[in-house]
Amino acid sequence: MEGQSENSSITGTICAIATPPGVGGVGVIRISGPLSVPIADQLLDVSLQPRKAHFARFLDEQGRALDSGIAILFTAPASFTGEDVVELQGHGGPRIMQMLLSRVLTLGARLAHAGEFSERAFLNNKLDLVQAEAIADLIESGTEASARAAQRSLEGVFSEQVNQLQQELIDLRVFVEAAMDFPDEEIDFLADSDVLERLDRAGHRLQELLDQAHQGQLLRDGINIAIAGLPNAGKSSLLNALAGKDSAIVTDVPGTTRDVLREYISIDGLPVHVADTAGIRESEDQVEVEGVRRARAVLAVADLVLLVIDLTQPLEAQLVLKEEVPKTVPCIKVYNKVDLGGDRSKPDKGELEVRVSAKTGQGLQDLKELVKQVVGASPNQEGSFSARTRHLDALARTQAHIRAGSKQLQEFNAPEILAEELRMAQKSLGEITGQYLPDDLLGAIFSSFCIGK
């Protein structure tokens, strides 16, 4: 496998606590590598049989029991990492876990690096890189939709589509290179082949995959929404309404919110990080001035801004605040307080605006639908898989190579350049599953995992 790491991190026997820190009923220690079985022989008072759960005592150097629990052996290659793996399930007290881990370390194992178990599984061809990343995505998923998407990636849904598309490009490249090897046949390369049609089909499939990956990236990473507006426009009330709880203090006193208040919510399965900002206005209050400065900083990095406008107050001064939103950031004008007799007219077609009542909930579903529409979230998440920014980048580069190759063939009749563009497209796709990947990027990916994975 091109790009496979050759550093020392894949040698030796590793161990780690695989359960979260803190007190629990059960704590798990995972051991993987050539010394897993010899360590178990010295640590346990029973001999392990592969894939059978054994009740055992975990012994110290003097043969005294440190703990007791369940021990399971998974022999290579039929294990998660592809190596001999032993899992010890003891009592989940922090001190007990540390004593047991120290004992395993003295018997010849070393502490695993972050993500090293998954890295070994990848390097031993137990799963590809997309599936390995999906493990972390599944653990970190914040909504049911994102968890299901991560599980689909773990099952290979994304990888299978990438591999199928890559095979199409390989077959087409072979055809192009074979045609170039027989120039004496005097075959009109464009007229007597379906190369352009095959390129077009591959381009369409790639665009569909890119669209699906974009949905997967939204489900994984979510979006950052900033709520902005004048003091007392109802920004905090809108946050509470979207969150379904009283996250922000709401009073009739303008300027109640002085700092940025953040909340994590789900909009029909789409993870959303919402920031309620201080009301933007001129002030001599140093605390409020700092709050306004932070509000503007949040607007600059948001994926979407909800500009809350109080329908019971003059609109002109409030609409001016749209100039505070960077030109590159989409902005939805949220006309609030329709329950107080404000403008009840429907939004103008083509305008990003909606009428709501943060107090009664009127119009909130319309707002949610508009948010999903603006960020490009699909209403149908069935079949979605988890994806990352690096996947989108690789797919975009693949698309660029296919388009460049097609142009070279049509405008300059240059099949040799088409073949090279197809090779580069194939390599870009291979980066997704890990067939072509630099060691430093591989290390960066797995270092973001938890130690026990």
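Predicted model: local features only at pLDDT ≥ 70, side-chain atom pairs only at ≥ 80, totals over all residues.
**View 1. Six strands make an open sheet with mixed pairing.** The strand order is S3-S4-S5-S2-S1-S6. Helices (H or I, at least four residues) and strands (E, at least two) are DSSP runs, numbered from the N terminus. Two strands pair if DSSP finds at least two bridges between them. At the edges are strand S3 (53–59) and strand S6 (110–111), each pairing on one side only. S3 is joined by seven bridges to strand S4 (residues 65–74), and the two run antiparallel. Look for Arg57, whose bridge partner in S4 is Ser68. A handy rule: in a regular strand the side chains alternate between the two faces of the sheet.

**View 2. Strand S2 has antiparallel links to S1 and to S5.** Strand S1 (residues 14–17) is joined to strand S2 (residues 24–32) by four bridges. Six residues lie between the strands of this hairpin, where Gly22 takes a positive phi near 115°. With strand S5 (residues 85–92), S2 pairs over seven bridges, and here Gly27 stands opposite Gly90. Which residue of S2 is the bridge partner of Ile14? That partner is Ser32. Ile14 also stands opposite Arg110 in S6, where S1 and S6 pair in the parallel sense over two bridges.

**View 3. Helices H6 and H7 pack at an angle of about 160°.** Helix H6 covers residues 157–180 and helix H7 covers residues 195–221, with their axes 11 Å apart. Axes are lines fitted to C-alpha atoms, for helices over the stretch in contact, and angles run from 0 to 180 degrees between N-to-C directions. The angle therefore makes H6 roughly antiparallel to H7; angles under 35 degrees count as roughly parallel, over 145 as roughly antiparallel, 65 to 115 as roughly perpendicular and the rest as oblique. Their crossing is left-handed, a term used if the near helix is turned anticlockwise from the far one by less than a right angle (right-handed if clockwise). Contact means heavy atoms within 4.5 Å, and the residues that meet include Phe158, Leu165 and Phe175 in H6 and Leu199, Leu206 and Leu209 in H7. The contact of H6 with H7 has 13 nonpolar, three polar and four charged residues. Here Ala, Val, Leu, Ile, Met, Phe, Trp, Tyr, Cys and Pro count as nonpolar, Asp, Glu, Lys and Arg as charged, and the others, Gly among them, as polar.

**View 4. H6 also packs with helix H13 (residues 415–433).** The angle is about 160°, and the axes are 9 Å apart. H6 and H13 are therefore roughly antiparallel to each other, and their crossing is left-handed. In this contact there are 15 nonpolar, six polar and four charged residues.

**View 5. Phe122 and Phe446 form a tilted aromatic pair.** The structure holds two aromatic pairs, and this one has its rings 6.2 Å centre to centre with 40° between the planes. Rings of Phe, Tyr and Trp (its six-membered ring) pair if their centres lie within 6.5 Å; planes under 30 degrees apart count as stacked, over 60 as edge-to-face and the rest as tilted. The pair links distant parts of the chain, with Phe122 in helix H3 (residues 116–123) and Phe446 in helix H14 (residues 439–446), 324 residues apart.

View 6. Most residues other than glycine have a negative phi, and most peptide bonds are trans. Ala76 and Pro77 are joined by a cis peptide bond, with omega about 0°.

Technical notes: Residues numbered from 1 in each chain as written. Heavy atoms only, no water.
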